[in-house]
Amino acid sequence: MKNILVTGGAGYIGSHICVELLNQGYGAIVMDNLCNSSKKALARVEEITGKRVKFYEADIREKSAFDEIFTSNDIYGVIHMAGLKAVGESVKEPLAYFDNNIGGTIVLLEAMKKRRVKRMIFSSSATVYDLGGEECLKETSPLGNSTSPYGRTKSVIEQMLTDIYASDNVWSIVMLRYFNPIGAHKSGLIGENPKGIPNNLMPYITQVAVGKRERVNVFGGDYNTPDGTCVRDYIHVMDLADGHIKAIRKFEETGLFVYNLGTGCPQSVLEVIHAFERANDLQIQYAIAPRRAGDAAKYYANADKAGEELGWKATRSIEDMCRDSWNWQSKNPDGY
Ligand code: NAD
Ligand code: UFG
């Protein structure tokens, strides 16, 4: 059996990836310091799949933790998801983001090099693009000056991975640029579980639906978009997980690969709110609020390359995403 080490595997996206890894016959070994997640997510992954996840509660910045993990397990490749991801917090605490995301990735890469495990999938983001330029982003679209320290960590790590491959082309490195992941596993057993006030749109909507928040503040109603609200490319987290499984096949080749993972379907904030209402037969209170600093008006993915080279395509609709997000939240009003 091929074992995949998933850093950050107890988190929102990581737990969904573990489900797909186990369902597809891979071994899932998770390393997570639980700074933004719960061990219960992994128990739920085991409940869904009927298979075991091997868990190491450890920080990717801890060199010694990798000695044990790589010595005790035969690791085929790594899906590297561990990192801090709150854009606003990164503006206030840039050093914490550089240390955790960039510093942690260096420690991980050194451990992988030492053990000659030279296969990695990296969780990158659409934030690496110049988001004030083209609206439909291809992998070849201009990269930008990220608008936050968080975004900068993703750009720097992509550059580090590019340099590592140039220095030693035995590596197989796949950089996946996620657009806006939402939704949850259809069982409602795992899902997004933000601490405190949600920064992102979908968990905010579900918390309004469950009665924890009064209304959604729609950040800006005067953008140059059809209804004046910002437009993004929302992708179901299970489609994203499937993209990782397809990307693992690239581990059979050496190379540096980059793919957008999005649906290619642009949706405005108001369209998402209305899709949520339709999918769940609920009413969501909302009000137009001032713009949020740093938001681009509109961007979405051209995901053709992942289709052509990985045979991957997102299949779930915005209604599926809204229904599954609500299924998770309504069954787990207080998270894990
Ligand atoms: P998440 O916070 O739920 O998951 C990240 C996990 O990493 C958490 O379980 C956290 O405890 C763990 N972690 C953080 N620092 C660690 C460290 N030093 N050592 C060990 N574990 C550590 O976030 P997510 O939404 O699941 O995101 C996963 C990855 O995908 C992140 O790298 C994120 O930047 C990236 N990404 C997310 C989005 C999104 O919208 N959710 C978009 C683009 C990219
Ligand atoms: N929004 C609201 N109200 C809210 C929350 C969000 O109107 O309470 C709006 C935002 O202004 C934006 C849209 O909903 O127009 C989506 O916002 P999110 O915060 O859910 O997502 P972003 O597109 O801002 O950010 C995402 C990821 C980041 C990544 C960024 C760029 O969360 O990790 O895309 O790719 F950096």
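Predicted model: local features only at pLDDT ≥ 70, side-chain atom pairs only at ≥ 80, totals over all residues.
Now back to the helix itself. α1 runs over residues 12-23, which is 12 residues. From its first C-alpha to its last it reaches 18 Å, close to the 16 Å expected at 1.5 Å a residue. How many of the residues of α1 are buried? The count is 11 of 12, so the helix is mostly covered, taking buried as under 20% relative accessible area. Among the buried ones are Tyr12, Ile13 and Gly14, and also His16, Glu20 and Leu22.

Next, ligand 2. There are 19 residues around it, and those that come nearest are Asn217, Phe219, Arg232, Arg292 and Asp295. By class, the shell has 10 nonpolar, 6 polar and 3 charged residues.

Which elements supply at least two residues each to that shell? They are α7, residues 201-209, and β9, residues 216-219. β9 gives the most, with 3 residues.

On to individual atom pairs. For Asn217, a backbone N or O atom lies 2.7 Å from a nitrogen atom of ligand 2. Arg232 uses its side chain: an N or O atom there is 2.8 Å from an oxygen atom of the ligand. With Ser125, a polar side-chain atom lies 3.3 Å from an oxygen atom of ligand 2. As for cover, ligand 2 on its own has 690 Å² of accessible area, and the protein covers 90% of that.

Note on methods
Residues numbered from 1 in each chain as written. Chains lettered and ligands numbered in written order. Heavy atoms only, no water. Near = heavy atom within 4 Å. Polar contact = N/O pair within 3.5 Å; in protein donor to acceptor, adjacent residues only side chain to side chain. Areas by Shrake-Rupley, 256 points an atom, 1.4 Å probe, with all protein chains shown as cover. Helix = DSSP H or I, 4+ residues; strand = E, 2+ residues; numbered from the N terminus. Nonpolar A, V, L, I, M, F, W, Y, C, P; charged D, E, K, R; others polar. Expected span 1.5 Å × (residues − 1). Buried < 20%, exposed > 50% of the residue type's maximum accessible area, 1.4 Å probe, protein only.
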